[in-house]
Structure formats: C-alpha cells, structure tokens
Amino acid sequence: MSDPILSIRGLTKIFGGLVAVDAVSFDVRRGEVVGLLGDNGAGKSTLIKCVSGVHRPEEGEIRFDGEPALFASPMDARRAGIETIYQDLALANNLDVGANIFLGREARRRRLGGLIQTLDDKFMLRESRETLDSLQIRFPSLTQPIQTLSGGQRQAVAIARAVYWDAKLMIMDEPTNNLGVPEQMKVLELIRTLRDRNVPVILITHILPDAFAVTDRVIVMHRGRKVAEKATASTTAEELVQYMVGARDDAAA
Amino acid sequence: MSERAVRAARRVDVAAAGVLTPLQRAGLFLSRVWAWAFLGLMALFFVAAVPLSTGGAVNFLTVRNSQNILVAIVPVLLLGLGQTFVIIAAGIDLSVGWVMSLASVLSALAIRDSYDAGLPLFPAVVLGLLAAVAGAAFVGFVNGVVIAKLKVPAFIVTLGTSFIVRGVAYLMSENTTVIGLPAGVRAYGNDALVYLVGGPGGGIYFLARPELSGAMLRRMDILLPWPVIMTAAVVAWAMFLLHRTRFGRHTFAIGGNMDAAIRAGIPVDRHIVALYMLSAATSGVAGFLSTLRYTAGSAVIGDPLLLSSIAAVIIGGVSMSGGSGAIVGTVIGALIIAVLTTGLVMLNVDAFWQFIVVGTVVIVAVLIDQSRDLIMGRPKGGVRR
C-alpha cells in the first residue's frame with residue numbers, strides 16, 4: 001500500500017469551551033474515496049476546515065504529501081494541491097465555463113511584442129473542453145454564462161476546475177445536496193472518475209446511500225470524536241447509523 | 001420512484017441543461033438588441049418628423065446635426081465609461097459629476113498658470129490633461145480605499161466625496177469661472193480632423209481650419225472635432241480593457257460573485273481601488289475636454305451630467321446588481337439620450353419633455369433587463385441553486 005497523501009494525528013480544535021474536534025487521527029491514500037460521516041454538529045466540517053487552511057487546530061499534526069501542512073490560509077492549501085469544494089461552489093455564475101475554470105489564473109497572450117496582454121479565450125476554451133471530455137462531462141455550450149447550467153453541471157465545473165489545476169486531494173462538502181436524483185447520480189459518477197484518475201477524495205456526507213455508492217472507507221464522527229473507521233464493503237447502513245447516533249463507539253471500547 | 005417523478009426529473013434535467021426553446025432564444029435576442037432597435041427607430045422618426053413639422057426648413061439628417069450629437073455625448077459618455085466598470089463590479093460612483101467639475105477647474109488653472117509662467121501652449125495643454133486626470137484619480141483612490149478597505153458602502157462613500165470635491169472645486173475656482181486661458185486653447189477644444197465646405201468654391205480641408213468668411217463660413221461643416229476623436233480613443237481603450245483583458249474579466253467576476261473572486265485569488269481590494277480610480281479618471285478627461293471646449297474652467301459643469309451618465313449606463317443594459325454589461329451598451333445609451341434631446345428640440349417640443357422621456361426609457365430598460373430572468377425561468381437575482 002502506498003504512503004498516505006494525507007495523514008492526520010491527534011487533531012484537536014476548540015471553540016471557547018467546546019471541543020469541536022477531539023484528537024482525531026486518520027489517513028487518506030492515493031486513489032481512495034474516504035467518506036466522512038456524522039450527524040450535524042459532529043465536527044466533520046470543522047475537521048475539514050483545519051485541513052483546508054480555514055481553521056488552525058489547537059493540537060495535532062497534519063502531513064500532506066509527506067510534508068507538515070498547517071496552512072495559514074485556504075489559498076496556501078490550494079497552492080499545495082488541496083481543493084475544497086463547498087456547497088456554494090465559489091463559481092461566478094455570470095461567466096462561462098472556461099472563465100470559471102481559469103478564474104483568477106486566466107491564460108493570456110502577449111501582443112505587440114509583449115507590450116500588452118490579452119485574454120486567451122481560445123486556449124482557455126480548448127483546455128476546458130479537454131478537461132471536461134476527460135471527465136466525460138458534456139455540456140451543450142461552453143460559452144454561455146454558467147447560470148444557465150443546472151446545479152449538478154455547476155458542481156461538475158467546480159470539479160473540473162480542481163482537476164485542471166492538478167488537485168492532489170479533493171474535499172467535497174455534501175456535494176449532492178440540493179440536486180435532483182439524476183444529477184446526484186452524475187456527481188457520484190464523477191467521484192468514481194476521480195478515483196480512477198488516482199485523485200483521492202474526502203466526501204463529507206450524512207447521506208448513507210451516497211457513502212455506500214462511492215467510498216472505499218468510511219470514518220464516522222460523533223460529538224467531535226472519531227467513533228469508527230470501516231472498510232465500506234465490510235459494514236452496513238444499520239451499523240453506521242448506530243455509530244452516527246452514538247449508540248456504538250469503537251474508540252470508547 | 002413513480003413514473004411521473006422520473007419524467008419530471010428528466011424534464012428538469014433537460015431544461016436545466018442549458019438548452020433553450022426557440023421562444024426563449026427569441027426573447028433573449030430581443031432583450032439584447034432592443035436598445036439598438038430603439039435608437040434606430042427613434043432616429044428614423046426624427047429624420048421623417050423634423051422636416052415634416054418644420055415644412056422642410058429644418059432637417060435632422062445633416063452632417064452638422066450628426067456632429068452636434070457627437071459633441072453632445074462626449075461628457076455623458078466619458079462619465080459613463082468608468083461608471084460602466086464600477087457598476088459591472090456591483091458598485092456605484094456618485095462622485096463623477098463633481099469630479100468632472102474639479103478636473104475642469106484644475107486643468108484650467110494648470111493651463112493658465114503654466115502658460116503665464118512661460119510654458120509653450122502644447123505642453124501647457126498636456127499639463128492641463130495631467131492635472132485633470134491626476135486630481136480626479138486621487139479622488140477615485142480615496143473612494144476606492146474607503147470602499148474596499150474600510151468596507152463603507154460605495155453609495156455612501158461616493159456621496160460623501162462628491163460633497164467634498166464640490167467644496168474643493170468651488171474653493172479652487174474662487175466660486176467663479178476660471179478664465180484668462182491662452183486663446184490658442186480654443187483650437188484644441190473645437191478644431192477638427194476634417195472641414196467640409198459645400199457649394200461653389202467649396203472643398204474638403206484636413207487638419208487646418210480654412211480661412212473663410214460670410215456665406216462660405218456658414219456652409220462649412222466641422223467633421224470629427226478633436227474632443228470626439230479623443231473620446232473615441234478612450235471608448236476603444238475601455239472596450240479593450242473590459243472585454244479583452246484580465247482586468248476586465250476580474251471586473252465581471254467581482255460583480256458576479258465577490259466571494260468566488262476572493263477565493264480564486266483575485267486581488268479584489270486592489271481591483272476595487274483601481275476601478276474607482278478608473279471611473280474618476282474618465283471623468284477627469286471629461287472635465288479637461290470641457291475646459292478646452294469653453295476655454296474656461298467651471299465648477300458647475302459636471303454635476304447636471306451625473307444622472308444622465310448613470311441613465312446612459314442603465315439604458316445600455318448594465319445590470320445594477322453587477323456582473324453584466326458592455327461598453328458598447330453605454331455608447332448606445334448615451335446616443336439614445338443625445339438623439340432624443342436633439343430631436344425633441346428640433347421638433348420644437350418643450351425641452352423639459354426630454355426628462356420625462358429619458359426617465360421612462362430608463363425604467364423600461366430595467367424592466368427589459370429583468371424580463372431576461374423571466375425568460376430563462378429563474379428567480380429574481382439570477383442565481384439558481
């Protein structure tokens with residue numbers, strides 16, 4: 001088995017008197033989809049925000065790609081290759097697909113001997129199309145503002161952006177929320193595609209069918225603590241629910 | 001899942017896939033081109049109505065009238081150009097009118113005093129331009145810093161600075177028109193690229209104003225005065241900047257989703273400062289050109305143009321909620337206002353009617369803008385989740 005891309009040891013995050021994340025440890029390996037399960041307030045999002053540079057943990061160690069990785073800001077985490085896709089997607093709905101994939105990192109062409117630089121929309125469109133094709137995503141038009149796209153399609157744009165910029169780890173926060181059923185299927189399919197491309201994914205969810213559909217391993221949190229870590233194939237929905245509601249607890253045993 | 005639910009889901013999926021019905025396409029097309037159509041129809045109306053109502057004594061479709069309209073749109077358009085960038089980025093700049101006034105006073109003082117100190121005319125005029133743009137850009141810098149860094153709403157900040165700038169402009173001009181500029185300034189503000197003299201003994205003259213008098217002078221038409229050419233250059237530059245460069249793309253991104261822009265690593269604060277400096281700078285050019293045109297600086301020149309310039313931007317289809325718009329729209333908007341005003345005057349309609357018509361057009365423009373959301377079947381505000 002390969003070295004873990006992400007390795008978390010004894011991570012603790014405290015807000016005032018509340019221990020939001022309590023000495024959590026786990027690893028994520030390349031090409032693996034790890035489900036992070038738990039009820040609302042279990043500490044999933046706080047844990048993930050420590051990894052993606054939003055929060056600074058009080059205690060514990062995060063190693064990413066073999067290096068210590070306590071990021072000062074989300075931009076630093078992104079530069080290191082950790083892409084987090086939150087529910088709001090962080091897309092500009094008034095711009096087209098190419099502009100969104102290249103948002104903040106626009107490709108430019110030098111003109112008049114480098115005197116001026118213009119946007120290279122052709123290049124950005126071509127690269128976007130190739131990335132989308134490689135992920136088997138099809139849109140009728142790449143040059144319309146993405147507000148004409150559906151929620152699932154926009155989710156796909158956000159994923160394609162992360163893939164294009166060589167994300168080494170993708171964190172997705174409840175990606176199937178607010179989507180219709182066919183769209184949910186597409187997003188899950190996309191997560192499988194990412195795994196096939198050897199991009200590890202941490203999938204934050206409280207929807208058990210989603211976890212069973214795509215994850216290799218699940219980690220269950222309850223009140224800030226990791227209460228279970230199971231291979232998806234060797235557990236059942238019933239068992240996971242018991243962990244999620246606090247009826248079972250491997251760590252206490 | 002019931003069959004009906006499956007069908008509904010599939011239908012949503014297809015509708016959501018960016019495929020529009022022909023009716024939606026037609027509606028969208030109309031909502032985009034209505035301003036062009038309106039401008040064209042209005043011009044046609046005046047071309048026909050003006051000679052009819054005056055028994056052929058006055059014509060709308062003349063070289064002279066076309067040039068009058070071009071000269072008339074210069075200040076409104078220049079104020080509107082920078083404003084277009086600001087509004088696309090979901091801001092507003094209410095200070096442009098008084099900034100134009102300040103720039104007019106500053107450039108008049110700079111030209112007069114440097115010329116009196118012995119500087120030749122051309123360098124003195126260039127100095128006037130620099131003073132106008134630099135003074136204006138400084139106000140824009142203050143606007144931008146207070147808006148971006150101190151997070152005060154743009155409406156409030158620019159309202160405040162417009163009062164401050166008004167005071168400064170009056171103080172600097174000592175509450176009177178700045179006169180005593182060298183006589184040669186008049187040529188920069190009123191001479192043209194081409195002079196047309198019709199009738200016997202006429203001809204076409206380039207660059208230099210022909211020495212004519214009497215009937216010949218009355219037959220002379222001035223084509224493309226320098227202020228119009230300079231404005232055209234600023235328009236071309238603004239089009240390039242907004243639609244072809246990273247700066248423009250970031251402007252749209254900030255107006256579309258400020259949070260996404262920040263998270264994409266766009267230096268949003270710095271960009272906002274630059275936008276308000278840009279808005280002030282184009283207003284500065286407007287002030288400079290008015291000083292050249294009247295050979296005088298005036299602290300009252302800009303204020304009445306503020307609302308017209310915002311009207312031009314809105315008629316041009318720039319959404320007040322940010323994220324969409326185009327420079328060409330603002331040009332059309334300014335043209336619609338100028339053609340309307342000129343045409344109504346030629347029809348001998350009371351000049352105050354123009355305000356009533358412009359106001360109606362502004363509201364209709366926004367209604368058409370909003371109908372686009374209706375056509376696309378998404379809730380107001382444009383963001384569907």
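**Confidence and helix packing**

Tutor: Chain B has an average pLDDT of 89, with 93% of the residues scoring at least 70; pLDDT is the predictor's confidence in each residue, from 0 to 100. This is a predicted model, in which local features need pLDDT of at least 70 and side-chain atom pairs count only at pLDDT 80 or more, while totals for chains, interfaces and linings use all residues. Residues are numbered from 1 along each chain as its sequence is written, and chains are lettered from A and ligands numbered from 1 in the order in which they are written.

Student: Where in chain B does pLDDT stay under 50?

Tutor: One such stretch is residues 6-17 of chain B, with 13 contacts beyond four places in sequence in the model. Another is residues 379-385 of chain B, with 11 such contacts. Two residues are in contact if their C-beta atoms, placed from the backbone, lie within 7 Å.

Student: What is the mean pLDDT of chain A?

Tutor: The mean for chain A is 90, and 99% of its residues reach 70 or more. Helices (H or I, at least four residues) and strands (E, at least two) are DSSP runs, numbered from the N terminus.

Student: And what ipTM does the predictor give the complex?

Tutor: The ipTM is 0.83, and the pTM is 0.87.

Student: Now the helices. At what angle do H3(B) and H12(B) cross?

Tutor: Helix H3 (residues 63-88) of chain B and helix H12 (residues 268-294) of chain B cross at roughly 175°, and their axes come within 7 Å. Axes are lines fitted to C-alpha atoms, for helices over the stretch in contact, and angles run from 0 to 180 degrees between N-to-C directions. H3(B) and H12(B) are therefore roughly antiparallel to each other. Angles under 35 degrees count as roughly parallel, over 145 as roughly antiparallel, 65 to 115 as roughly perpendicular and the rest as oblique.

Student: Which residues of H2(B) and H14(B) meet?

Tutor: Among them are Trp36(B), Phe38(B) and Phe46(B) in H2(B), and Ile332(B), Leu335(B) and Met346(B) in H14(B). The residues of this contact divide into 14 nonpolar, three polar and no charged. Here Ala, Val, Leu, Ile, Met, Phe, Trp, Tyr, Cys and Pro count as nonpolar, Asp, Glu, Lys and Arg as charged, and the others, Gly among them, as polar.

Student: Is the crossing of H4(B) and H6(B) left-handed or right-handed?

Tutor: The crossing of H4(B) and H6(B) is left-handed. A crossing is left-handed if the near helix is turned anticlockwise from the far one by less than a right angle, and right-handed if clockwise. The axes of H4(B) (residues 96-116) and H6(B) (residues 154-172) come within 8 Å and cross at roughly 25°. H4(B) and H6(B) are therefore roughly parallel to each other.

Student: Back to chain A: how much of residues 6-248 is helix?

Tutor: Over residues 6-248 of chain A, 33% is helix and 29% is strand.
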